[in-house]
Protein chains: 2
Amino acid sequence: MLDHTDLLIIEELSKNSRITMKELGEKVHLTGQATAARVAKLEDSGVIEGYTIKINQEKLGYVIHAMINIITQSTYHEPFLSYIQSQKEYVINNYKISGDSCYLLECKFPSNEVLDEFLVGLSKHVNYKLSIVIKK
Amino acid sequence: MLDHTDLLIIEELSKNSRITMKELGEKVHLTGQATAARVAKLEDSGVIEGYTIKINQEKLGYVIHAMINIITQSTYHEPFLSYIQSQKEYVINNYKISGDSCYLLECKFPSNEVLDEFLVGLSKHVNYKLSIVIKK
DNA sequence: CGATTTTGCTTGATTAATGAAAGGAGTTAA
DNA sequence: TTAACTCCTTTCATTAATCAAGCAAAATCG
């Protein structure tokens, strides 16, 4: 399915997805055309899901990075899910997980005040346990 | 510092970082050249940290997505840190966090066997609590 | 086995994007 | 008022992407 060249392409695109097909081709010893064809195949097969950027959230004002474990009391999760949908400016990821918690929210906030507001709203629907990310 | 156009540019590049500057310019009502200049500025200021791809890890064979809470018994974290360094094929992120745990590992594994091996090695250095990601 | 199709690449021509230079409009400050 | 600066546009030369053949090795199949 995937050969060594494909893995190299994935690695290089992970490092810099705006590289030209010509340059990428030089790295994997192919022409730009052949490289573009391989990349198109990786897109079609779903291995490459998209092209995006790494953003420095702190420079955008989101200085708090939090992990919030969610423990739902009721089996009816809808109110919680629609709450975080309404707050998606702050939600980076929402993982449904096994273990002590039902969900793990990865969030970003511009201040403790906003974090507090978020938690006040959150506590109307679920119990939670808050962890602050100190370092990545 | 950042105006509305910059935020639009960031949003569009998040959705598709391989868009041409010309097309991106059309979306934000600027010429390709002016857009490229703004993007270069966002790079220089560190707001845009890099360009990357979204990869379907399952299609690469990593079918298990795990969150592992780490509780260190000793204050000497070095053995743990060098262990996960040696296992970085499986480690997506390592967050140092506040709360019950000291670290939160986000990992991927191709099978339960490999996960088990990882945990056997891990348990030589720290205590852990395993959560499996069911859905994102 | 041998003919045909498919796959994966290269080359070459065309089209589109990028980069550099020049210049104009608006802002700030001496 | 003038000078310096910012941010944009236009133009043009350069470079890359795309499209269409063409070719050879590998796979498929009667």
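The lining of the second largest pocket in this predicted model comprises five nonpolar, eight polar and four charged residues. That pocket has a volume of about 340 Å³, and 17 residues line it. Chain A and chain B are in contact through 44 residues of each chain, and the area buried between them is about 4100 Å². The points below cover the pocket, the cavity, the interface and selected residues.

**Second largest pocket**

- Closest to the centre of the second largest pocket are Asn69(A), Lys129(A), Asn69(B), Asp100(B) and Lys129(B).
- Strands of both chains contribute to the lining: β2 (64–71) and β5 (127–135) of chain A, and β2 (64–71) and β5 (127–135) of chain B, each supply at least two residues.

**Largest cavity**

- The count of cavities of 30 Å³ or more comes to one.
- The largest cavity holds about 40 Å³ of space.
- From chain A, the lining of the largest cavity takes Met67(A), Asn69(A), Leu104(A) and Ser131(A); from chain B, it takes Asn69(B), Ile97(B) and Leu104(B).
- Four of these lining residues are nonpolar and three are polar, with no charged residue present.
- Asn69(A) and Asn69(B) line the largest cavity and are also listed among the residues closest to the centre of the second largest pocket.

**Relation between the chains and their interface**

- The same surface serves both copies, since 100% of the contact residues of chain A recur in chain B.
- Carbon and sulfur atoms give 57% of the area of about 4100 Å² that is buried between chain A and chain B.
- Arg18(A), Ile53(A) and Tyr95(A) supply 17% of the area that chain A buries against chain B, which is more than any other three residues supply.

**Lys54(B)**

- Lys54(B) belongs to strand β1 (residues 48–55) of chain B.
- Beyond residues up to four places away in sequence, Lys54(B) touches Val47(A), Ile48(A), Glu49(A), Gly50(A) and Thr52(A).
- The C-alpha atoms of Lys54(B) and Ile97(B) are 25 Å apart in space, and the two residues are 43 apart in sequence; Ile97(B) is one of the residues lining the largest cavity.

**Asp6(B)**

- Asp6(B) is located in helix α1 (residues 4–15) of chain B.
- Its relative accessible area of 7% is under 20%, so Asp6(B) is buried.
- Apart from neighbours within four places in sequence, Asp6(B) is in contact with Met1(B), Arg38(B) and Leu42(B).
- Asp6(B) and Lys41(B), 35 residues apart in sequence, are separated by 9.8 Å from C-alpha to C-alpha.

**His29 in both chains**

- Most residues other than glycine have a negative phi.
- His29(A) has a positive phi, near 60°, and His29(B) likewise has a positive phi, of about 60°.
- In chain A, His29(A) lies in the loop between α2 (21–28) and α3 (32–44); in chain B, His29(B) is placed in the loop between α2 (21–28) and α3 (32–44).
- His29(A) is exposed, with a relative accessible area of 71%, and for His29(B), also exposed, the relative accessible area is 71%.

Conventions: Residues are numbered from 1 along each chain as its sequence is written. Chains are lettered from A and ligands numbered from 1 in the order in which they are written. This is a predicted model: local features need pLDDT of at least 70, side-chain atom pairs count only at pLDDT 80 or more; totals for chains, interfaces and linings use all residues. Side-chain values use heavy atoms; hydrogens and water are left out. Helices (H or I, at least four residues) and strands (E, at least two) are DSSP runs, numbered from the N terminus. Contact means heavy atoms within 4.5 Å. On a 1 Å grid over the protein atoms alone, a cavity is a set of points where a 1.4 Å probe fits but cannot get out, and a pocket is an open set with protein on both sides within 12 Å along at least five of seven lines; lining residues have an atom within 4 Å of a point. Grid points are joined across faces, edges and corners, and a volume is the space filled by probe spheres set on the points. Ala, Val, Leu, Ile, Met, Phe, Trp, Tyr, Cys and Pro count as nonpolar, Asp, Glu, Lys and Arg as charged, and the others, Gly among them, as polar. Buried area is the accessible area (1.4 Å probe) that two parts lose on being put together, summed over both. Buried means under 20% relative accessible area, exposed over 50%, partly exposed in between (1.4 Å probe, protein chains only).
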